[in-house]
Structure formats: structure tokens, C-alpha cells
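Here is a briefing for a first look at this structure.

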Amino acid sequence: MDNETDLRWMRYALNLAQQAAEQDEVPVGAVVVKDDAVIGEGWNRPISTTDPTAHAEVVALRDAAARSDNYRLTGATLYVTLEPCLMCAGAMIHARIGRLVFGASDPKRGAVASTAHAFEAQGLNHRIEVTGAVLAEESAALLQGFFRARRGD
């Protein structure tokens with residue numbers, strides 16, 4: 001993918017993250033793209049759905065699998081505004097996502113580049129190409145603003 005394509009889809013994911021913020025959810029958005037078309041999208045929804053697995057990535061993967069009528073999303077790219085956690089990294093491996101593009105790093109829970117390096121675990125039968133820090137400042141600013149507002153700073 002070229003940089004302009006990554007920027008366009010990350011902006012799309014940022015718009016989804018804004019929808020999460022409007023619903024008082026942590027503002028993380030994700031979109032699954034294949035052949036330059038949206039096949040799934042989502043934003044954080046664990047609070048509103050009382051579902052601890054309703055992270056933006058999982059919601060987007062579920063949407064993409066339903067639209068594709070296939071749980072394997074081979075050749076698709078997942079764009080997400082925050083580095084995925086271990087659960088979401090595992091879901092991407094099982095879905096056979098081809099590429100992950102993320103915005104802000106998550107030094108505490110990020111399991112792709114910051115902590116666990118989940119995609120590098122031995123024994124995996126699928127590898128995912130990773131590009132990080134795409135619109136990282138915008139992604140981080142959205143999260144920081146959300147938490148600042150919650151704290152009343």
C-alpha cells in the first residue's frame with residue numbers, strides 16, 4: 001500500500017473513533033479494507049454492549065466476516081487508531097488478516113509492537129505485516145482529549 005492510501009483509511013478509522021467518543025466509549029476506531037473497499041468497520045463498544053470483547057478491532061472483524069460470509073479475511077488490511085491488545089491481535093491472526101496499520105502506540109497494553117509482540121510468537125501458522133504510527137499524533141490526541149474531559153482537567 002502507498003502512504004496516501006494508509007492515510008485515507010486511517011482518517012476513516014479516526015472518524016469511527018469519534019463515534020465511539022460520542023457514545024462515551026474510549027475513542028478507538030477500526031476499519032477492514034480489501035481491494036480498496038470497506039468490508040467491515042467498528043468502534044469501541046464494551047460499555048454500551050456490556051461485552052468485554054467489543055473492542056473496535058473485534059467489532060470490525062465481526063462485521064467484515066458477516067459481510068464476506070467468511071471468517072477468514074485473507075488479503076484484508078485492518079486499520080485501527082490504537083495499537084491492538086493481545087485479544088485483538090489473536091483475533092486478527094485467526095481471521096488471517098494480511099496487514100495491520102495502527103495509529104498511536106499503547107505502551108501498557110499494546111501487544112504488537114509495545115509489549116507482547118504477539119505476531120512474532122513461535123508456532124503461529126499465519127504472519128501479519130505491520131505498519132505503525134500512521135496518524136499517531138491525531139489518534140493519541142483524540143484519546144488524550146477524551147480522558148482529559150473524563151477527569152475534568
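Helix α1 (residues 3-22) packs against helix α5 (residues 136-151) at an angle of about 5°, and their axes lie 11 Å apart. This is a predicted model: local features need pLDDT of at least 70, side-chain atom pairs need pLDDT 80 or more, and totals for chains, interfaces and linings use all residues. Residues are numbered from 1 along each chain as its sequence is written, and side-chain values use heavy atoms, without hydrogens and water.

**α1 and α5**
- The two helices are therefore roughly parallel to each other (angles under 35 degrees count as such).
- L14, A17, Q18 and A21 of α1 make the contact with E138, S139, L142 and F146 of α5 (heavy atoms within 4.5 Å).
- This contact has 5 nonpolar, 2 polar and 1 charged residues.
- Ala, Val, Leu, Ile, Met, Phe, Trp, Tyr, Cys and Pro count as nonpolar, Asp, Glu, Lys and Arg as charged, and the others, Gly among them, as polar.

**α3 and α4**
- Helix α3 (residues 56-68) and helix α4 (residues 86-95) pack at about 20°, with axes 9 Å apart.
- α3 and α4 are therefore roughly parallel to each other.
- E57, V58 and L61 in α3 meet M87, C88, A91, M92 and A95 in α4.
- The α3 and α4 contact residues divide into 7 nonpolar, no polar and 1 charged.

**Largest pocket**
- The volume of the largest pocket is about 430 Å³.
- Its lining has 18 residues, of which V26, L82, D106, R109 and L143 are the closest to its centre.
- A pocket is an open set of points on a 1 Å grid where a 1.4 Å probe fits, with protein on both sides within 12 Å along at least five of seven lines; lining residues have an atom within 4 Å of a point.
- The lining divides into 10 nonpolar, 3 polar and 5 charged residues.

Terms used: Axes fitted to C-alpha atoms, helices over the stretch in contact; angles between N-to-C directions. Helix = DSSP H or I, 4+ residues; strand = E, 2+ residues; numbered from the N terminus. Parallel < 35°, antiparallel > 145°, perpendicular 65-115°, else oblique. Points joined across faces, edges and corners; volume = space filled by probe spheres on them.
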